[in-house]
Amino acid sequence: MLLLVPFALGAALRVGLAWSDQVINNDTTAYLESGRSLLDGEGYSRYGVPQLHFPPVTPVLLGAAWDLTGDPEAAFDLVVVVSGLLLIFPVAALARRLGGDLAGLGAATAVALAPGLAVIPSSAGGGSENVYASLLMTTVCLVVAVGDATGRRRAALAALAGVTGGLAYLTRPEGLLLVALMVMAAALGAVPGRAAWRRPWSGLLQHRGAVTSVVVPFVVAFALMAAPYVAFLHGHTGRWELTAKSRDASIEAWRAVAETDRAARDRILYRLHDDGDRFRREGRSLVALAVDDPAGYAGIVGVNARELLDIVVVPRLAGGLLGVPRWVVFPVPLLALAIWAGWRRRRSRPVPLLAAMGAVTIATALGFFVQPRYLTPALGPLCVLVGVAIPLLRRSGRRTWAVVAIIGVLTLAAPVVDDIPADRGIFDNHEPVEHEVAGEWLAANTAPGARVMTRSMVLEFYARRPTVAMPAASLTATLTFARHHGAEYLVIDEFLMSRFRPQLMPLLGPLPWPGLRLVHELTHDHRVTRIFALDPAPSQTSIDPPGLDFVGDS
């Protein structure tokens with residue numbers, strides 16, 4: 001019953017964000033298409049090409065929700081809202097274990113309103129963020145329960161933790177690092193008393209029978225969950241690897257995504273080969289890129305550190321009349337409170353694991369690249385510790401408790417309230433709805449096999465037409481490339497062209513449009529989108545045109 005209020009607050013905020021969300025993003029289109037393909041028995045693929053970039057849990061959930069709702073956007077909203085609300089329960093359970101009912105209530109409220117768990121997954125996420133966080137925190141709960149259990153129950157709980165940990169890895173591959181932490185925590189939990197923390201290695205050896213009874217079922221269950229996906233990757237790449245996602249075209253492309261310079265990254269990923277008929281895409285593992293250019297990698301880490309500081313520490317102003325400070329992922333006052341509570345309760349069994357999860361999440365982001373949605377795994381542990389801080393503060397005096405409680409509520413709730421009427425606030429995304437509309441027009445007004453050149457994966461998803469990727473080249477080279485690969489239509493939209501293909505912006509102006517014939521035009525939010533037919537139509541076509549694809553985090 002205590003969770004009803006935070007659950008209702010969280011549901012209201014998430015439903016409001018879902019209501020304001022107007023179009024899915026690139027990641028979501030890949031999830032939906034891959035999940036639908038797998039559920040339809042056509043293999044784990046995207047438009048007939050094996051899906052190697054994303055693991056399967058989120059695609060399956062979104063594909064099933066698409067089947068249930070019949071609408072891609074509704075499917076995304078359903079998964080994001082439900083998984084975000086489910087996260088409340090394991091977080092509240094852990095906080096309640098550490099600090100009682102009041103701690104559980106405070107942690108649940110933090111989950112309900114924290115921007116990194118409510119706003120970011122809806123406005124900037126692809127659908128995996130809260131699914132991943134919920135699976136991780138559920139695994140933490142099971143690991144804690146393993147330490148309390150004995151005999152067969154202990155082994156069963158460890159195996160169940162391996163299952164949920166495996167699902168977390170199959171949601172986001174970096175989950176493997178956090179699951180490794182949980183295996184170690186489960187092993188230490190099998191060591192009685194304080195020996196696990198005072199002399200961990202000797203304690204593990206002394207009680208190796210109990211440790212084995214926990215670690216073996218955990219690891220075996222995890223391996224059984226992960227093995228089919230690892231075999232799938234090996235079958236298509238020829239390499240034994242746990243993810244095919246950590247690859248990029250070059251150290252320069254990697255730095256561009258770290259700096260959020262998508263235009264520079266686009267020029268690298270979609271630059272033409274000397275023959276003008278293909279791209280210079282040669283993906284390599286991020287580890288290999290870092291080893292080959294350590295100075296370049298050090299520069300990327302520096303960029304990531306600055307970006308992390310900006311995202312975590314620097315507040316923005318809410319867009320309403322009050323202009324209250326709004327942090328991107330988590331209010332800094334509550335972050336400080338969580339760190340204080342973690343230090344005060346550092347000898348409690350779950351706390352070192354929670355702290356380690358936060359540290360590994362930050363280290364992973366620094367080592368690869370930083371985006372608000374990649375910090376989600378650290379927010380569940382932070383919410384637990386915020387809840388734990390409440391009873392600690394209550395013991396220190398009524399005045400202190402009241403002041404901190406008011407500050408906590410204000411930093412979480414005031415920006416949301418202030419943003420409700422604001423232009424370009426959290427409920428006013430100004431998304432490129434024109435990509436969906438243009439895609440639907442192409443689906444209704446062109447032949448099923450007609451090839452379309454576009455930069456938008458969202459348009460590709462709604463058009464249901466074979467797509468030719470748009471090169472980062474001049475108009476003449478772009479049209480030559482389009483004709484070589486049999487593209488019958490070219491889509492020029494102001495939203496993307498102004499950022500990624502400014503050399504094509506003249507096509508949004510008046511005549512002439514050499515080699516093109518305007519067949520449709522639409523305007524959304526004062527932005528123009530034009531669909532051209534190549535005139536005359538291409539006389540040749542390639543067998544396998546280069547399509548839009550994910551390279552690194554493109």
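## Packing of helices α4 and α8

Is the crossing of α4 and α8 left-handed or right-handed? In this predicted model, the crossing of these two helices is left-handed. Helix α4 covers residues 72-86 and helix α8 covers residues 129-148. Two packed helices are described by the angle between their axes and the distance between the axes. For α4 and α8, the axes come within 8 Å and cross at roughly 25 degrees. Angles under 35 degrees count as roughly parallel, and α4 and α8 are therefore roughly parallel to each other.

On the side of α4, the contact is made by Val79, Val80, Ser83, Gly84 and Leu86. Helix α8 contributes Asn130, Val131 and Ser134. By residue type, the contact of α4 with α8 comprises 4 nonpolar residues, 4 polar residues and no charged ones.

A search of the whole structure finds 14 aromatic pairs. A pair of aromatic rings is described by the distance of the centres and the angle of the planes. One of the pairs is formed by Tyr169 and Phe222, with 5.8 Å from centre to centre and 50 degrees between the planes; this arrangement is tilted. Tyr169 belongs to helix α9 (residues 151-169) and Phe222 to helix α13 (residues 208-237), so the pair ties together parts that are 53 residues apart in sequence. Both partners are buried: Tyr169 has a relative accessibility of 1%, and Phe222 has a relative accessible area of 14%.

Tyr169 also pairs with Tyr229. Here the ring centres are 6.3 Å apart and the planes stand at 70 degrees, so the pair is edge-to-face. This pair too links distant parts of the chain, with Tyr169 in helix α9 and Tyr229 in helix α13, 60 residues apart. Tyr229 is buried, at a relative accessible area of 6%. Which residues do the ring pairs link into a cluster? The members are Tyr44, Tyr169, Phe222, Tyr229 and Phe232.

Most residues other than glycine have a negative phi, and most peptide bonds are trans. The peptide bond from Leu511 to Pro512 is cis, with omega near 10 degrees. Pro512 is placed in the loop between α25 (494-500) and β10 (516-524).

A cis peptide bond also joins Asp535 and Pro536, where omega is about 5 degrees. Pro536 lies in the segment after β11, a strand that spans 527-534.

Thr260 is not a glycine, yet its phi is positive, at about 55 degrees. The residue lies in the loop between α14 (251-258) and α15 (262-269). Is Thr260 buried, partly exposed or exposed? Buried means under 20% relative accessible area and exposed means over 50%; at 46% relative accessibility, Thr260 therefore counts as partly exposed.

Asp525, likewise not a glycine, has a positive phi of about 55 degrees. Where is Asp525 found? Its position is in the loop between β10 and β11. With a relative accessibility of 30%, Asp525 counts as partly exposed.

Notes. Residues are numbered from 1 along each chain as its sequence is written. This is a predicted model: local features need pLDDT of at least 70, side-chain atom pairs count only at pLDDT 80 or more; totals for chains, interfaces and linings use all residues. Side-chain values use heavy atoms; hydrogens and water are left out. Axes are lines fitted to C-alpha atoms, for helices over the stretch in contact, and angles run from 0 to 180 degrees between N-to-C directions. Helices (H or I, at least four residues) and strands (E, at least two) are DSSP runs, numbered from the N terminus. Angles under 35 degrees count as roughly parallel, over 145 as roughly antiparallel, 65 to 115 as roughly perpendicular and the rest as oblique. A crossing is left-handed if the near helix is turned anticlockwise from the far one by less than a right angle, and right-handed if clockwise. Contact means heavy atoms within 4.5 Å. Ala, Val, Leu, Ile, Met, Phe, Trp, Tyr, Cys and Pro count as nonpolar, Asp, Glu, Lys and Arg as charged, and the others, Gly among them, as polar. Buried means under 20% relative accessible area, exposed over 50%, partly exposed in between (1.4 Å probe, protein chains only). Rings of Phe, Tyr and Trp (its six-membered ring) pair if their centres lie within 6.5 Å; planes under 30 degrees apart count as stacked, over 60 as edge-to-face and the rest as tilted.
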